[in-house]
Amino acid sequence: MDIVSALRAFLRVAETGSFSAAANDLGLTQPAVSRQVSALEEHLRTRLLHRTTNALALTAEGEHMIPMALKVVEAVDALTEASCGETGLVAGRVRLTVPAPLGLYLSDRLATLLARHPGLSVELLFREEPSDLVGEGIDLEVRLGPVSESGLICRRIGWTTAFLVAAPDYLDRRPAPKMPDDVGTHECICYSRAGDGRQWTFSDGSDDVFVRIAPRLVANSAVAVHRAVLAGNGLAILSHILARPDIDAGRLVNVMPAFPPARLPISVVYPSRRNVPLRVRTVLDFLVEVVREDPLMASAS
């Protein structure tokens, strides 16, 4: 039995709560994962999981085993990283969380990174809210706006650009707003990412202009807001990553361009500056590279 592989399988089953989900994450079959966990239990002479037809749960011994299993797997990963660092090879998995628009932008470009480093894999998690990086085993997280946690390392890599948009058929029914104060009278579709979903902030070129809105539809997913505004349900603020192709194609209209939505910093956060693995540094450098390739994210001006 490869005990490290068995420990990895056990940890993924414990995290996902499912043999099939763990198998999908590990690139194995469900029976193979089940055999690894069973072999680990036999080796340790203790049951780690309660299995029923409809449920899966950790035993008390399984709960106790998790921190020790993590230490073993992390130690093996560190040895692998050290060996790869000596040879200049990049290997291992990086867990990266991103807001949905930037995740779509990255997913179109990750093939380039993976082609450069055949031993590297990336788990891309779309997430709108901040994560517990240490508790969830997240290597890197992209956040928009101010970062308040003092215990995290924060590296600013760019700036957002967004548009106030509406579908042409909505604007056939309602005249487009010309000033920020006009926005509050419209049907508004609000993306409630990590903050007050009842306020939009615009810029007049020198100062921020705050507008209180009473949205009829609020969603915590930018992709859901994008679909709703395309359907003609009202005004929305969308990232240029989502909105620009539709504006260019005439499916959306850039409304009130003299007062664009205020821009936010794009930052990458991670738990520690010390001993950052080569695989994580490589993905971080790639994030900086691809964000700065886009002129609408490269600078604050």
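Two strands count as paired if DSSP finds at least two bridges between them. Strands (E, at least two residues) and helices (H or I, at least four) are DSSP runs, numbered from the N terminus. With that in hand, welcome to the structure: 5 strands form an open, mixed sheet in the order β11-β8-β12-β7-β13, and 5 strands form an open, mixed sheet in the order β4-β3-β5-β14-β6.

This is a predicted model, in which local features need pLDDT of at least 70 and side-chain atom pairs count only at pLDDT 80 or more, while totals for chains, interfaces and linings use all residues. Residues are numbered from 1 along each chain as its sequence is written, and side-chain values use heavy atoms, with hydrogens and water left out.

**The sheet with β4 and β6**

- β4 (119-126) and β6 (153-159) are the edge strands; each has a single partner strand, so one side of each lacks a neighbour in the sheet.
- On average, neighbouring strands here are turned by 25° against each other, direction ignored. Angles run from 0 to 180 degrees between N-to-C directions, and axes are lines fitted to C-alpha atoms, for helices over the stretch in contact.
- Inside this sheet, β3 (residues 91-98) pairs with β5 (residues 140-144) in the parallel sense over 2 bridges. L96 has L140 in β5 as its bridge partner.

**Helices on that sheet**

- Helix α5 (residues 100-107) packs on the sheet and touches β3, β4, β5 and β14 (265-270), its direction making about 150° with that of β4. Contact means heavy atoms within 4.5 Å.
- Helix α12 (residues 278-293) lies across β3, β4, β5, β6 and β14, and runs at about 25° to β6.

**The largest nonpolar core**

- A nonpolar core is a set of buried Ala, Val, Leu, Ile, Met, Phe, Trp, Tyr and Cys residues joined through side-chain atoms within 4.5 Å; buried means under 20% relative accessible area (1.4 Å probe, protein chains only).
- The largest one has 29 residues, of which L96, L102, L140, V142, V268 and L287 touch the most other members.
- Two or more residues each come from β3, α5, α6 (110-116), β5, β6, β14 and α12. The most come from α12, with 9 residues.
- Apart from neighbours within four places in sequence, L102 contacts V142, I241, I266, V291 and M297.

**The sheet with β11 and β13**

- Edge positions belong to β11 (217-219) and β13 (253-254), each with a single partner strand, so one side of each is left without a neighbour in the sheet.
- β8 (residues 188-191) and β12 (residues 235-239) pair in the parallel sense over 2 bridges, and I189 stands opposite A236 in β12.
- Helix α10 (residues 222-230) lies across β7 (162-166), β8, β11 and β12, running at about 135° to β12.

Notes. Buried < 20%, exposed > 50% of the residue type's maximum accessible area, 1.4 Å probe, protein only.
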